[in-house]
Amino acid sequence: RAAAWAAGTPTGGLGGEGEQRLLQEAMYLRVPQRVTTTDVTHLEQAALTLRGLDLRFGGELTAQIAGQLLRWAVGMRDASMSGPVRQGWHTAVGILAMWGAWSAHDACQRPAARAMSILALDAAVRADEPDVRAHVLCDIAAQHHAHGHPDNALRTIRLAGGDERTHPAVQTMLHGVRARAYATLGERERCEREVRLVQDVAAGVDPDAVPGWLAGWQPAHTSAVCGHAYADLARATGDADVLAAAHAALLTAAEQLVAVRPRAAALCLTRLAHTHRECGDPDHVTGLVDRAQHLAIDLRSARVSRELAALASEGRQQVAGGHGAGRVPIRDPARDRMGQRCARRPPLHMPNPTGSRPSRTITAPVMTLVTTTSVVFTLPLTADGDTMVQTPMSGTTQVRPWVRPKAEANPSASSATAMPVTRLLNVIVDSSVKPTTQGDIARYT
């Protein structure tokens, strides 16, 4: 059997077997019929691995892996499992879908991010896991804010604000999203109040006591959250003091996160560069963008690529307008390498105008109408055993209708009147009365 398998293995190519068919056989999902704590542990470890890949390399690859893992995990729903195991399975599926949704958001795959976020929220509610539920709502609110809908972000955050069981580390994220939403709306007092809450709550967080699926939480997250909020507020108000606070917080976060989370550090640098340029202080932009481009070399993050492309475009516009004389425009190698997946591509060609352009006139064919009449006949007067002979008086019966084999259109046809032809058929019965006696044979001619 082993020799036969080796003989059928292609050595110089696929041997006529299509790649898609081979991949379909290779990716066949075999779901266990009975789920135990071991299977739940495998899902939890897969979620942690997924999170590490996303934080280190971006969401381009991680979103694809998450989709396949979720297909296998969701297939266990109908399997046999105990009550505690099912609750742990719901929690693991919620965590896995939550990290997959954030990876899809980083890759600018909005439909996939929305679908996995809904799946994660449903699993967290079924598991009655307050931290996972609050974190999923926080991610959904952050996506609303990133897409330019701060009002929707605040409405989503309110759904998670009433559970006192939420861990302080998750509460800092909730306050951070609120602060950014209020900053975008220009509400300075509320934004600063949420920033103070972020700092106060984060001061009581023990990094070793956070939930296992949130392992790796660092105080640098607080600096990053506050820095992004201050940067949004500086854009809305143009206050120099707020810009200085954003500069200090984002630089601190970038220096602390650069070794373990280069994507977060790159986003801090690009956010700070945008803020300096929009507030009329472009002197720091070039240095910040150079550092972000260096971090983006090993990343596959559409968000980082989009920010770098926007900075490069703004730099070229300033140089073309004379505002950047004496400065070298910002380079953008990430745009050529990674592309702008979030940008809407223009159509390859303009559609041709549509309109009525008839090239041929079609007219109805000529039809001949024939009127059909019933045949008039006379019932013969016959006796029992007589022979009836019917002879038509004249001519033929009714003519059959016909049409021309090749009808030609006549746009100016004249009216015509046709009278039906009727033929009457008369029946003459030749019957002679010949009386007979008993025993005679009657012959009729």
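A residue is called buried here when its relative accessible area is under 20%, exposed when that area is over 50%, and partly exposed in between, as computed with a 1.4 Å probe on protein chains only. The model is predicted, and local features are reported only at pLDDT of at least 70, side-chain atom pairs only at pLDDT 80 or more, while totals for chains, interfaces and linings use all residues. Residues are numbered from 1 along each chain as its sequence is written, and side-chain values use heavy atoms, with hydrogens and water left out.

The chain has 16 helices and 0 strands. Of the 445 residues in the chain, 36% are buried. The exposed surface comes to about 27800 Å², with carbon and sulfur atoms supplying 54% of it; accessible areas come from the Shrake-Rupley method with a 1.4 Å probe, and for residues only the protein chains shown count as cover. A contact means heavy atoms within 4.5 Å. Among contacts in the chain with a separation of 6 or more, 71% are between residues 24 or more positions apart.

Helix α13 covers residues 262-278. Because 15 of its 17 residues are buried, α13 is largely enclosed by the rest of the structure. The expected span of a helix is 1.5 Å times one less than its number of residues. For α13 this gives 24 Å, and the end C-alpha atoms are 24 Å apart, which agrees. Just after α13 comes Gly280, with a positive phi of about 80°.

Where does Arg263 find a salt-bridge partner? A salt bridge is a side-chain nitrogen of Lys or Arg within 4 Å of a carboxyl oxygen of Asp or Glu, and the structure holds 10 of them. Arg263 pairs with Asp106, the closest N and O atoms being 3.3 Å apart. Arg263 lies in helix α13 and Asp106 in helix α5, so the pair ties together parts that are 157 residues apart in sequence. Arg263 is buried at 4% relative accessibility, and Asp106 is buried at 0%. Asp106 and Arg263 also belong to a network of salt bridges that includes Asp54 and Arg303.

Rings of Phe, Tyr and Trp (its six-membered ring) pair if their centres lie within 6.5 Å; planes under 30 degrees apart count as stacked, over 60 as edge-to-face and the rest as tilted. The rings of Trp99 and Trp213 have centres 6.4 Å apart and planes at 55°, so the pair is tilted. Trp99 is in helix α5 and Trp213 in the loop between α10 (188-203) and α11 (220-237), 114 residues apart. Trp99 is buried, with a relative accessible area of 9%, and Trp213 counts as buried at 10%.

Helix α9 spans residues 168-184. Its 17 residues should span 24 Å, and the end C-alpha atoms are 25 Å apart, which agrees. Since 13 of the 17 residues are buried, α9 is largely enclosed by the rest of the structure. Gly186 follows α9 and has a positive phi near 80°.

Two arginines of α9 have separate entries in this account. Arg180 forms a salt bridge with Asp232, with the closest N and O atoms 2.8 Å apart. This pair links helix α9 to helix α11 across 52 residues. Arg180 is partly exposed at 24% relative accessibility, whereas Asp232 is buried at 6%. Arg178, also in α9, is buried yet has no salt bridge; the nearest side chain of opposite charge is that of Glu194, 4.2 Å away. Charges are assigned with Lys and Arg as positive and Asp and Glu as negative, His and the chain ends not being counted. Leaving aside neighbours within four places in sequence, Arg178 is in contact with Leu154, Ile157, Gly161 and Glu194.

Arg165 is in the loop between α8 (150-158) and α9, 37 residues from Asp128. Arg165 is partly exposed, with a relative accessible area of 44%.

Note on methods: Helix = DSSP H or I, 4+ residues; strand = E, 2+ residues; numbered from the N terminus.
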